[in-house]
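Hello,

Here is the structure I promised to pass on. Please open it first; my notes follow below.

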Amino acid sequence: MHKEAAIREPLILGHKTYHDITEDVCKPIEDKAPKTWYVLFGIALIIGLYGIGCIAYLLGTGIGVWGLNKTIGWAWDITNFVWWVGIGHAGTLISAVLLLFRQKWRMAINRSAEAMTIFAVFMAGMFPLIHMGRLWLGYWVLPLPNQFGSLWVNFNSPLLWDVFAISTYLSVGLVFWYIGLIPDFATIRDRAKRPIPKKMYSILAFGWSGRAKHWNRFELVSLVLAGLATPLVFSVHSIVSFDFATSVIPGWHTTIFPPYFVAGAVFSGFAMVQTLMLVMRKAMGLEAYIHTRHVEYMNIVIMVTGSIVGVAYLTELFVSWYSGVEYEQYAFINRATGPYWWAYASMMTCNVVSPQLMWIKKLRRSLIFTFIISIVVNIGMWFERYVIIVTSLHRDYLPSSWTMHFPSHIDIGVYVGTIGLFFVFFLLFARFFPVLALNEVKTILKSSGESYKNAPDHGHVEENSNSNNQ
Amino acid sequence: MADKVIYAMYDDDDVLKDGAKLLVSKGVKVSEVFSPFPIHGIDPIIGIKNTRLGIVAFLFAITGTLLATYGMKFFMISDWPMNIGGKPNATYMDNILAFIPITFEFTVLCAAHGMAITYLLRNKTIPGMPAQNPDPRTTDDRFVIELRQSENSQFSDEELVNLVQGTGIVELDQKEIK
């Protein structure tokens, strides 16, 4: 049984009952959508459709419409891929790692963070696919018997590891998310009055009835999936970093990449969760469930992972000098002082300086400050990938090949388009799916709900029952 | 054969737990509990054994490991040994480090999906199944104990109802089922 110290801020504010939780979460789904939802959805859809148009043009014409050149064969495409995969790391971390650590505050945010993860991984997965140029041959990455003799895909290649890592991550994430959703869909199904929603949610709920044996299985399945997903989260971004680390490009060929990338991924993922959650809690009236305490905890994660990233940047610099390898040293001097110094400077400011502000309690508990920093962090993390990829490539061993990378409007269109599509998915999720794991939140109501927490009859600290004067 | 079922409804999980304890101590067999969220500690009271899905997950995981190992040995060593930059490829063991990431991913893939599918099938929660909870409120804030007359033949109808009524219920429902 979960016990919580009396002096801790409750996780559920106000005097909620089980029924109130159901009401609060189901109301936005059952009511008519507010006008702002339609406006936001419209904007996101237009941007997303523009992105799809750019992708169609790219596929029809060829990869040449991107700003890539002979020297820089990877630029915005892989930057965006790594950026989105990184963002897609928070959801599983919240629902899996924090479940193993028995962090109850995860319950208010895991559902939407996982949804965010899945949509982010969708967006990420699109980039390697369209980078193939001939999207319809994408299935060639699978080890299938084929007409070219018995030629198989190369299992020694980190790019193939990535295929397995990303597809496993996406599908396991989806399963984990859906298994948690089933009981909540059942709640919506049993409340639905109109026939069409009733039918839809009945199908989605898979006939869930809440039997004791089913809950017993549910809890074990969640635990085992969390146990499986935890190493998976760390492996996925490690493998993404192998795409670079196992190559022999100065600036990429470093052993620090896996932990550094994983920390960066969690860092940017939590920032994206903050961005979305701060808007969502307000728009959907969930302030009682997602409040300062949750925001503060997430800011602490951002601070810790941001510091790891900062240390990694400095270690990289030191090791490049210490290695004594001229090319390695040049790669880093060029990053900081070469023509891309502004990208490096943005990365350093956004990722190293800004999370350090979270040491100040007042700032990390400020919602507006958090919102600004969460966006700053994701800008910084995009620049990090851009710096790693483009500045390492743009000046290679042959100075006559040195060049700069200029994105074409298709580069920009595809990138901005994925942001649009991401929000299309997220807005649809917020409209039709329970954004809070409502049945999980009910399990902590008695131990961490404000009205129960220090009440004498349920209380864990009877003599302190008057101290809760918030 | 028709059977009589008693549904006793509670509005609090702890009251239900105490009620179930009381009923069981009197020798009543509680055949099912419906609740909106897992009631911790109810399983041993009403005699539900712990699930063995963990073992299932392990078996699927082992299958994944073996399949990945065998597959990569076949593709990369036996069927078409690829010589990439002169890297050793004569035996599986020479090359094993490069195969670990995919072996791991495939293990997780098989374990997670195998377990999830088994879970859904065992629960009989698959798309299109009708809901079986006795009252729509049991997915909101109500908790229901189900008693079957056939499993409690030592008690008469009234005795069962009287017993249940002493456990702090908020509603009582009786049904004939076939």
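**Notes on the model**

Thr36(A) is exposed, with 9 other C-beta atoms within 10 Å. Keep in mind throughout that this is a predicted model. Thr36(A) sits in helix H2 of chain A, which covers residues 35-61. In sequence, Thr36(A) and Ala283(A) are 247 residues apart. In space, their C-alpha atoms are 9.1 Å apart.

**Where the chains meet**

The contact between the chains involves 54 residues of chain A and 58 residues of chain B. On the chain A side, five helices each supply at least two residues: H1 (18-30), H6 (158-191), H7 (195-205), H8 (212-245) and H16 (438-443). Which helix gives the largest share of that side? It is H8(A), with 16 residues. By class, the side of chain A that touches chain B has 27 nonpolar, 18 polar and 9 charged residues.

**Helix pairs in chain A**

Two packed helices are described by the angle between their axes and the distance between the axes.

Start with H9(A) and H10(A).
- H9(A) spans residues 257-283 and H10(A) spans residues 292-323.
- They pack at about 150°, with their axes 8 Å apart.
- H9(A) and H10(A) are therefore roughly antiparallel to each other, since angles over 145 degrees count as such.
- The crossing of H9(A) past H10(A) is left-handed.
- From H9(A), the contact residues are Tyr260(A), Ala263(A), Gly264(A), Val266(A), Phe267(A), Phe270(A), Ala271(A), Val273(A) and Gln274(A).
- From H10(A), they are Val295(A), Met298(A), Val301(A), Ile302(A), Thr305(A), Gly306(A), Ile308(A), Val309(A) and Ala312(A).
- The residues of this contact divide into 14 nonpolar, 4 polar and no charged.

Next, H5(A) and H6(A).
- H5(A) covers residues 110-131.
- H5(A) packs against H6(A) at an angle of about 150°, and the axes are 10 Å apart.
- H5(A) and H6(A) are therefore roughly antiparallel to each other.
- H5(A) passes H6(A) in a left-handed crossing.
- H5(A) brings Arg111(A), Glu114(A), Ala115(A), Thr117(A), Ile118(A), Val121(A), Ala124(A) and Gly125(A) to the contact.
- H6(A) brings Ile166(A), Tyr169(A), Leu170(A), Gly173(A), Leu174(A), Phe176(A), Trp177(A) and Gly180(A).
- The contact of H5(A) with H6(A) has 10 nonpolar, 4 polar and 2 charged residues.

Last, H1(A) and H6(A).
- Their axes come within 11 Å and cross at roughly 75°.
- H1(A) and H6(A) are therefore roughly perpendicular to each other, because angles from 65 to 115 degrees fall in that class.
- Thr22(A), Cys26(A) and Ile29(A) of H1(A) meet Thr187(A), Ile188(A) and Arg191(A) of H6(A).
- This contact of H1(A) with H6(A) has 3 nonpolar, 2 polar and 1 charged residues.

H1(A) and H6(A) also both supply residues to the side of chain A that touches chain B.

**Phe119(A)**

Is Phe119(A) buried or exposed? With 23 C-beta neighbours inside 10 Å, Phe119(A) counts as buried, because the cut-off for buried is 20 or more. Phe119(A) belongs to helix H5 of chain A. Leaving aside neighbours within four places in sequence, Phe119(A) is in contact with Phe422(A), Phe425(A) and Phe426(A). Phe119(A) and Leu421(A) are 302 residues apart in sequence. Their C-alpha atoms are 8.7 Å apart in space.

**Two backbone points to check**

Most residues other than glycine have a negative phi. Arg102(A) has a positive phi, near 55°. Arg102(A) is in the loop between H4 (90-100) and H5 of chain A. Arg102(A) is exposed, with 8 other C-beta atoms within 10 Å.

Phe206(A) also has a positive phi, near 60°. Phe206(A) lies in the loop between H7 and H8 of chain A. Phe206(A) is buried, with 23 other C-beta atoms within 10 Å.

Best wishes

Terms used:
Residues numbered from 1 in each chain as written. Chains lettered and ligands numbered in written order. Predicted model: local features only at pLDDT ≥ 70, side-chain atom pairs only at ≥ 80, totals over all residues. Helix = DSSP H or I, 4+ residues; strand = E, 2+ residues; numbered from the N terminus. Buried ≥ 20, exposed ≤ 12 C-beta atoms within 10 Å, placed from the backbone. Axes fitted to C-alpha atoms, helices over the stretch in contact; angles between N-to-C directions. Parallel < 35°, antiparallel > 145°, perpendicular 65-115°, else oblique. Left-handed = near helix turned anticlockwise from the far one by under 90°. Contact = placed C-beta atoms within 7 Å. Nonpolar A, V, L, I, M, F, W, Y, C, P; charged D, E, K, R; others polar.
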